[in-house]
2 protein chains.
Amino acid sequence: MAGKKKDIIDLSSTLPDIWRMLTDAEREILRSSARIVHFKKNELLYLEDDTPKDLMCLFSGKVKILKSGVGGRSQIIRIIRPVQYFGYRAYFARENYVTAAMAFESCTVCMIPMELIEKFLRRNGNLALFFIQMLSVDLGIADQRVVNLTQKHVRGRLAESLLALKESYGLEEDGATINIYLAREDLASLSNMTTSNAIRTLSNFVNERIIAIDGRKIKIIDEERLHKISRMG
Amino acid sequence: MAGKKKDIIDLSSTLPDIWRMLTDAEREILRSSARIVHFKKNELLYLEDDTPKDLMCLFSGKVKILKSGVGGRSQIIRIIRPVQYFGYRAYFARENYVTAAMAFESCTVCMIPMELIEKFLRRNGNLALFFIQMLSVDLGIADQRVVNLTQKHVRGRLAESLLALKESYGLEEDGATINIYLAREDLASLSNMTTSNAIRTLSNFVNERIIAIDGRKIKIIDEERLHKISRMG
DNA sequence: GTATATTTGTGTTTTAGAACATAGTTCTAT
DNA sequence: ATAGAACTATGTTCTAAAACACAAATATAC
C-alpha cells in the first residue's frame with residue numbers, strides 16, 4: 001500500500017452517515033484513529049487474501065472491486081463512488097479478502113480501524129442497522145447480478161454496464177457523456193465479456209445511434225433504448 | 001401462504017443462535033410472537049415482490065430461493081438447510097422481496113416478526129453482529145457465485161452444484177448418496193444450464209465413474225475428481 | 001390401478017460468443 | 001520528442017452450449 005499522506009479533513013462533513021450516529025466521545029476517538037490515504041491511478045488499495053483491517057470510505061476518485069476467477073481471469077464485481085463505504089465485508093465475515101480493490105483514477109480514501117467500528121456498533125443500534133442495511137442492499141444487488149450476467153446476452157450486459165456507470169459516476173457538463181475514462185478491457189470485465197466483444201458491441205451501438213464514442217469517452221444518445229436493451233437481455 | 005399450524009416447540013433448542021443472545025424478557029416476547037408454519041412440497045413460502053414481514057428459520061425440510069430473470073426464466077439462487085435463517089434481507093434493505101422461496105419437500109418453518117428482530121438488535125450488539133456476520137458471509141458467497149457461474153463451463157458448474165448439495169444436505173446412510181431428491185430441472189436451474197445439458201453432463205459423469213445415478217438419487221463415487229472438475233471450471 | 005402429465009434421455013441443428021490473427025492507433029515513460 | 005507498450009478495431013475461425021425434436025420412462029392425479 002503506497003502513497004500515504006495525512007490531511008486535515010472535516011470528518012463530520014465527509015463521513016456524514018457514520019458521524020451522525022456517534023457520541024462526542026466516539027467522534028473524538030474516530031478523529032484520532034482515522035487515516036486519510038491517497039492512491040494513484042491503478043494502485044491497489046487491498047489485495048485478494050489480505051487480512052481486512054480498515055473500513056474504507058472513498059472521499060474522491062473512482063475504485064473498482066475485482067475478483068479473480070478460473071485461470072486467473074479477473075472480473076470487476078462492483079464499482080465504488082464517493083462517498084461509499086467498502087472493504088468491511090470480509091472483516092465481518094471473519095475471512096480474508098476474496099476481492100481486490102484498485103483505483104480507476106487517483107483517489108482519496110479514509111481508513112478507519114474495523115475493531116473500532118465493531119466496538120461502536122456493538123453498543124449503537126443505529127450504526128449496526130446502518131451496516132446491516134448496506135450489506136442487505138449489496139446482497140440484493142449481487143443476487144440480481146448473478147441473474148443478469150448469466151441470462152442476458154452481450155448487448156444486454158453492455159447496455160446495463162453503461163447505465164450502471166452513468167448511475168455511479170454521473171454525466172459531464174454536456175449532460176450526456178459518462179463521467180469516467182475507462183479502457184475497453186475494464187468495460188468488458190465489468191460486463192463479463194471479451195474485450196473484442198465489448199469493442200464490437202460498442203461500435204454496433206454507435207452505428208445504431210444509441211451512443212457516440214470519442215476515444216474512451218462515451219456519450220449516451222438514446223438512454224431509453226439502452227434501458228430497453230438492458231431489460232430485454 | 002398455506003398450511004399454518006401451531007405447534008409446541010422448544011425454541012431454546014431450535015433457535016439456538018438467536019435465543020442465546022436474548023434476555024429473559026425478550027425470550028418471553030419471542031415465544032409469544034413466533035409462529036410455526038408447515039409447508040408441503042412445492043408450496044411457496046413467499047413470492048417475488050411480496051413485502052417481507054418475518055424472519056424465517058427452517059426447522060426441517062429443504063427450501064430453495066428462486067429469482068426470475070430475463071423472459072421469466074427462473075434460477076435457484078441459494079438453497080436453505082435446517083437450521084438456517086432466511087427471508088430477512090429484503091426487510092433490512094427496505095425493499096420488497098426480489099426472490100421467491102419454495103419448499104423442495106415438506107418443511108417446518110419458524111416465523112418471527114421482523115419488527116421484533118429489529119427492535120431486539122437495536123439494543124443488542126451481539127444480535128446485530130450475528131446478522132451482520134450472516135449477511136457478510138452470504139455476500140461473499142454471492143460474489144463467488146457470480147464468478148463461478150459466469151466463468152466455469154457446464155461440467156464445472158454441475159460438479160460444483162453436486163458438491164454444494166452434498167455440503168448442504170449431507171449424505172445418506174451409505175455415506176455416498178446425496179440426501180436430496182431433485183428433478184434434473186432443479187439441478188439445471190441451480191447450475192445455470194438447460195435441463196438437457198444437466199442430463200447429458202450427469203450421464204457423462206456416470207460414464208466416467210465419477211457418480212452413479214438411480215433415478216433421482218445421485219451417489220458420489222469419486223469426490224476428489226468432482227472437486228477437481230469444479231476447480232478447473 | 002389406470003390414464004395423463006411430467007420428466008428423462010439422446011440425437012441433430014443452430015448460434016452466440018470465444019479465440020485467434022493482424023493492423024492501426026493512442027498512451028506513457030524516459 | 002520519440003520509442004515502445006498497451007489499447008482499439010475488425011475480420012475469420014472455432015466451439016460450447018442452447019434450441020429443437022422425439023421416444024421412453026416415471027410420476028401424479030383421479
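Let's start at A:Ser230, which lies in helix α10 (residues 223-232) of chain A; helices are DSSP runs of H or I with at least four residues, strands are E runs of at least two, and both are numbered from the N terminus. This is a predicted model, in which local features need pLDDT of at least 70, side-chain atom pairs count only at pLDDT 80 or more, and totals for chains, interfaces and linings use all residues. Residues are numbered from 1 along each chain as its sequence is written, chains are lettered from A and ligands numbered from 1 in the order in which they are written, and side-chain values use heavy atoms, without hydrogens or water.

Is A:Ser230 buried or exposed? A:Ser230 is buried, with a relative accessible area of 9% (buried means under 20%, exposed over 50%, partly exposed in between, with a 1.4 Å probe and protein chains only). Leaving aside residues up to four places away in sequence, A:Ser230 touches A:Lys152, A:Gly156, A:Ala159, A:Glu160 and A:Leu163, where contact means heavy atoms within 4.5 Å. A:Ser191 is 39 residues away from A:Ser230 in sequence and 11 Å away in space, C-alpha to C-alpha.

Elsewhere in chain A, four strands form an open antiparallel sheet in the order β1-β8-β3-β6. The edges belong to β1 (35-39) and β6 (84-86) of chain A, each with a single partner strand, so one side of each has no neighbour in the sheet. On average, neighbouring strands of this sheet are turned by 30° against each other, direction ignored. The antiparallel pairing of β1(A) with β8 (residues 107-113) of chain A runs over five bridges; two strands pair if DSSP finds at least two bridges between them. Within this pairing, A:Phe39 has A:Cys107 of β8(A) as its bridge partner. Helix α5 (residues 114-122) of chain A packs on the sheet and touches β3 (54-60) and β8 of chain A, its direction making about 60° with that of β8(A); axes are lines fitted to C-alpha atoms, for helices over the stretch in contact, and angles run from 0 to 180 degrees between N-to-C directions.

How far can you trust chain A? Its pLDDT (the predictor's confidence in each residue, from 0 to 100) averages 92, and 96% of the residues score at least 70. Helix α4 (residues 89-92) of chain A has the highest confidence, at a mean of 98, while helix α1 (residues 11-14) of chain A has the lowest, at 76.

In chain B, 21 of the 27 residues of α6(B) are buried, so this helix is largely enclosed by the rest of the structure.
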